[in-house]
Structure formats: C-alpha cells, structure tokens
Amino acid sequence: MPEQAFAPEDLTPDGYARTTPSQVIDVRETGLRETNRILQESDGTGRYLLTEPRGAHALAVGLDHPDEIVIDGPTGYYTAGMNDGAHVTVNGNVGVGVAENMMSGTVRVTGSASQSAGATAHGGLLVISGDAGARCGISMKGVDIVVGGSIGHMSCFMGQAGRLVVLGDAGDALGDSLYEVHIYVRGRVESLGADCVEKEMRPEHHTELGELLDRAGVTGVTTGEFRRYGSARTLYSFDVDNASAY
C-alpha cells in the first residue's frame, strides 16, 4: 500500500458534496487550542485542510461530527484521539497513540505510526500506510486497523474485539492475552503471545478480510496470502494449571 499525499477532494466520504469548499487552517499561526476549538464546534458539514502542523500533539482530538479533516504534515502524540465520526487523514507520520479511544469514523495515516496506534479504540477504521510501532491495537475494543507495513512487538496485547490486518510482518508476542480480535498477517510473525494461536482461514474469514482490504483501499493482494490468528481461550477464567501463562 504505497504512501501518497491526499487532498480534501480525494478523500470525500460518501454523502459529502464535493463542491463544499475547504477551510484552510495554518496550525502554527492559529495555535493548537484554537484549531481544535474550530474543529470541535463544526456542525458536521465542514471540510478542513490543516497546514503547518509541525508535529503538534493532540491535534484534531475529540471530534464528534462527520467532518473531513486533512492534516498536511507530520503530527505528534494522540492525533485524532477520541474521534467519534470524523474522517481524518494525516499526510505524514504520527506519534504515539494515533486514534486512541476512537469510537467511529476513519483515521488514515499516509506515513508510519509510533507506538500504541489505535489503543483502546472501540470502533471506526484506522489505516496506516507505513509501519506501526510496538503495541499497535493494544486493548482494542472493536476498531478495525489495517497496516500497510509491519508492526512492532506486543501488538494487540489484551485485544478484546475488532480486526487487525497487517500486510507486512509482526513482532514478538503478537496477540498476547488476546480475547476475540481477529488478526490477519500477510508476512512473518516473530512469535505469538500467551494464548494466541494460528487458526484456520475459513470462507467467512476470507470474506471478512476482503471487505476490510476494500474499505482500506488496499489493492494488489489476495486474502489467500494471509494467515489468521486468534485466542485459544484458555485464559478466559483463572485456572491454576495455566498460572504460568498469566
């Protein structure tokens, strides 16, 4: 999934009028607090192009309307955190915790992401074109995450619900203490965490994966190239015989 820059007109979600003009906000000039205030007070029909983010932390957070936001440049920690309906695209790399605790909407990163991408997120779609660092999808609770590159160690630790798709490789301890997340990996897995096992790819999983790839805009791959991983369900309830695995 090659990295590419997106303009607002390229990312219009279903239902948007393409004639709606974009409001350009210079983040450095406007300031982080005022930029977030403008976005949070939108009525849900806005289209915004944020320039000069210069690695700002907590940019475009707490949005609860289906606005469209394109951030033209790299950002810092917790970009688009607590998103609940907005469609956010970052043309660049992001820091720790992108889309943390997201409820709905979409967050797309054309570069790579640092640690804890999509942490505790309950819903929506997070797409990372490049790599994601350690603990990608930690404690995810319903979000769908698609990573075009590789992910770091301890990814999907205590993942409870949702789907994680990785087109590259996965680091150590994938899916440690996993609950009901479906994990699909196209490349090599360094090691599996406690209670995570490889599972059969049945027809319904090929269908599920194909739909996720389509939503993420991934082309040129087939579902047959992936392997599926999930919970062995031996740690759901404490058992003294499994004490060493906790």
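This is a predicted model: local features need pLDDT of at least 70, side-chain atom pairs count only at pLDDT 80 or more; totals for chains, interfaces and linings use all residues.

Reader: Okay, how many helices and strands does the protein have?

Author: There are three helices and 11 strands. Along the sequence they come in the order β-α-α-β-β-β-β-β-β-β-β-β-α-β.

Reader: And what pLDDT does the protein average?

Author: The average is 91, and 88% of the residues score at least 70. Watch residues 1-17, though, where the pLDDT is below 50. That stretch still has 44 contacts in the model beyond near neighbours in sequence.

Reader: What share of the residues is buried?

Author: Buried residues are 52% of the 246 in the protein.

Reader: Let's look at a helix. Which residues are buried in helix 2?

Author: In helix 2, residues 32-40, the buried ones are Thr 35, Asn 36 and Leu 39. They sit on the same side of the helix, because the arc they cover around the axis is only 95°.

Reader: Why would residues a few places apart point the same way?

Author: An α-helix has 3.6 residues a turn, so residues three or four places apart point the same way.

Reader: Nice. What do the buried residues of helix 2 pack against?

Author: They pack against strand 1 (23-26), helix 1 (27-30), strand 2 (47-51) and strand 3 (68-72).

Reader: Switching topic: how many salt bridges does the structure hold?

Author: It holds 12. In general, side chains of opposite charge can pair when their charged atoms come close.

Reader: Show me one. What does Arg 233 form a salt bridge with?

Author: Its partner is Glu 180, with the closest N and O atoms 2.9 Å apart. Arg 233 is in the segment after strand 11, while Glu 180 is in the loop between strand 8 (161-166) and strand 9 (182-185), so the pair ties together parts 53 residues apart in sequence.

Reader: Does Arg 233 count as buried, exposed or partly exposed, and which is it for Glu 180?

Author: Arg 233 counts as partly exposed because its relative accessibility is 44%. Glu 180 is partly exposed as well, at 34%.

Reader: Which residues are linked in a network of salt bridges?

Author: Asp 144, Arg 163, Glu 208 and Arg 215 are linked that way. Elsewhere, the side chains of Glu 190 and Arg 188 meet in a salt bridge of 2.7 Å, N to O.

Reader: Enough charges. Which residues form a nonpolar patch on the surface?

Author: Met 158, Tyr 179 and Tyr 236 do, and together they have about 260 Å² of accessible area. Tyr 236 is in the segment after strand 11 (227-231). With 39% relative accessibility, Tyr 236 counts as partly exposed.

Reader: Now Leu 167: buried or exposed?

Author: Leu 167 is buried, because its relative accessible area is 7% and the cut-off for buried is under 20%. You'll find Leu 167 in the loop between strand 8 and strand 9.

Reader: What is Leu 167 in contact with?

Author: Leaving aside neighbours within four places in sequence, its contacts include Val 146, Val 147, Leu 213, Val 218 and Phe 226.

Reader: Last one: where is Glu 52 found?

Author: Glu 52 is in the loop between strand 2 and strand 3, and it is partly exposed at 33% relative accessibility. Glu 52 and Asp 72 are 20 residues apart in sequence, with their C-alpha atoms 7.0 Å apart in space. Besides Asp 72, Glu 52 is in contact with Asp 26, Val 27 and Arg 28, leaving aside neighbours within four places in sequence.

Terms used. Residues are numbered from 1 along each chain as its sequence is written. Side-chain values use heavy atoms; hydrogens and water are left out. Patches are made of residues with over 30% relative accessible area and no salt bridge: like charges are joined within 9 Å, nonpolar side chains (Val, Leu, Ile, Met, Phe, Trp, Tyr) within 5 Å. Accessible areas come from the Shrake-Rupley method with a 1.4 Å probe; for residues, only the protein chains shown count as cover. A salt bridge is a side-chain nitrogen of Lys or Arg within 4 Å of a carboxyl oxygen of Asp or Glu. Helices (H or I, at least four residues) and strands (E, at least two) are DSSP runs, numbered from the N terminus. Buried means under 20% relative accessible area, exposed over 50%, partly exposed in between (1.4 Å probe, protein chains only). pLDDT is the predictor's confidence in each residue, from 0 to 100. Contact means heavy atoms within 4.5 Å. The arc is that of the directions from the helix axis to the C-beta atoms.
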